[in-house]
Amino acid sequence: MKIVMSTFLVTMIMIISAFICNNRSLAESDAPHKQIADLNMKKVERGRYLSIISGCNDCHTSGFLLSNGNVPEDKWLTGDSFGWRGPWGTTYASNLRIIVNQMTQEQFVDYAKTLKRRPPMPWYSLNIMTNEDLESIYQFIRYLGPAGEPAPAYLSPDQEPTTPYALFPTPPEKGN
Ligand code: HEC
């Protein structure tokens with residue numbers, strides 16, 4: 001009787017632990033969605049909305065502007081190799097999916113409030129966003145997960161870009 005009971009117990013333990021392990025491996029294989037557990041879906045939604053209406057996608061999503069916003073969401077905010085050339089040199093909209101996914105929400109809010117970059121990045125708009133809006137943008141980018149390659153590096157004014165670019169005229173001297 002003792003042997004039968006302990007065999008029964010061992011079998012039960014094996015079944016239960018197999019069930020737990022199986023659940024864990026399911027959760028781990030579900031990689032991009034694994035993060036959703038600690039996300040607030042209301043903020044994710046607002047972040048999606050803000051990334052459209054405040055123009056982040058226009059520059060940070062390749063082809064967004066010229067396709068009237070018709071780019072699949074999994075490509076959003078992965079940066080662009082289209083250059084913006086002007087008196088500041090040539091800049092490329094960064095891959096926010098790589099950069100932001102390396103930060104905590106707190107780090108992102110601090111970074112966005114003090115960020116200063118070259119044109120045409122409207123960094124001053126990020127600086128004055130409310131914490132709630134910045135948290136929403138952060139949560140949306142976490143929801144999308146890391147993807148893509150880093151954007152090409154900044155070029156100084158004397159360097160010729162090898163990518164397509166838009167040329168901004170040098171503003172006239174003051175007093176003209
Ligand atoms: C008109 C184009 C444009 C728009 C609109 C725009 N960006 Fe940018 N962004 C850029 C460019 C170009 C750079 C790179 C600037 C540089 O190299 O100095 C940049 C850089 C950044 C960086 C710095 C990344 C790093 O390298 O640390 C962040 C963060 C960022 N943008 C977030 C946003 C967010 C969020 C929005 C929407 C609210 C937005 N941008 C809207 C063009 C744009």
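Does N68 count as buried or exposed, going by its C-beta neighbours inside 10 Å? N68 counts as exposed, because it has 7 such neighbours. Keep in mind that you're looking at a predicted model.

- Most residues other than glycine have a negative phi, and most peptide bonds are trans.
- N68 isn't a glycine, yet its phi is positive, near 55°.
- You'll find N68 in the loop between α4 and β1 (83-86).
- L77 also sits in the loop between α4 and β1, and its phi is positive too, at about 60°, although L77 is not a glycine.
- L77 is buried, because 27 other C-beta atoms lie within 10 Å.
- P119 and P120 are joined by a cis peptide bond, with omega about 0°.
- P120 belongs to the loop between α6 and α7.

**Around the ligand**
- The ligand is surrounded by 23 residues, and the closest are C56, C59, R117, R118 and M121.
- Two or more residues of this shell come from each of α4 (56-60), α5 (96-100) and α7 (123-127).
- The most comes from α4, which gives 4 residues.
- Sorted by class, the shell has 14 nonpolar, 6 polar and 3 charged residues.

**Where α6 meets α8**
- Helix α6 (residues 105-114) packs against helix α8 (residues 131-144) at an angle of about 120°, with the axes 9 Å apart.
- That angle is why α6 counts as oblique to α8.
- The crossing of α6 past α8 is right-handed.
- On the α6 side, Q105, F108, V109 and A112 meet N131, L134, E135 and Y138 of α8.
- This contact has 5 nonpolar, 2 polar and 1 charged residues.

Methods
Residues are numbered from 1 along each chain as its sequence is written. This is a predicted model: local features need pLDDT of at least 70, side-chain atom pairs count only at pLDDT 80 or more; totals for chains, interfaces and linings use all residues. Axes are lines fitted to C-alpha atoms, for helices over the stretch in contact, and angles run from 0 to 180 degrees between N-to-C directions. Angles under 35 degrees count as roughly parallel, over 145 as roughly antiparallel, 65 to 115 as roughly perpendicular and the rest as oblique. A crossing is left-handed if the near helix is turned anticlockwise from the far one by less than a right angle, and right-handed if clockwise. Two residues are in contact if their C-beta atoms, placed from the backbone, lie within 7 Å. Ala, Val, Leu, Ile, Met, Phe, Trp, Tyr, Cys and Pro count as nonpolar, Asp, Glu, Lys and Arg as charged, and the others, Gly among them, as polar. A residue is near a molecule or strand if its C-beta atom, placed from the backbone, lies within 6 Å of it. A residue is buried if 20 or more other C-beta atoms lie within 10 Å of its own, exposed if 12 or fewer, and partly exposed in between; C-beta atoms are placed from the backbone.
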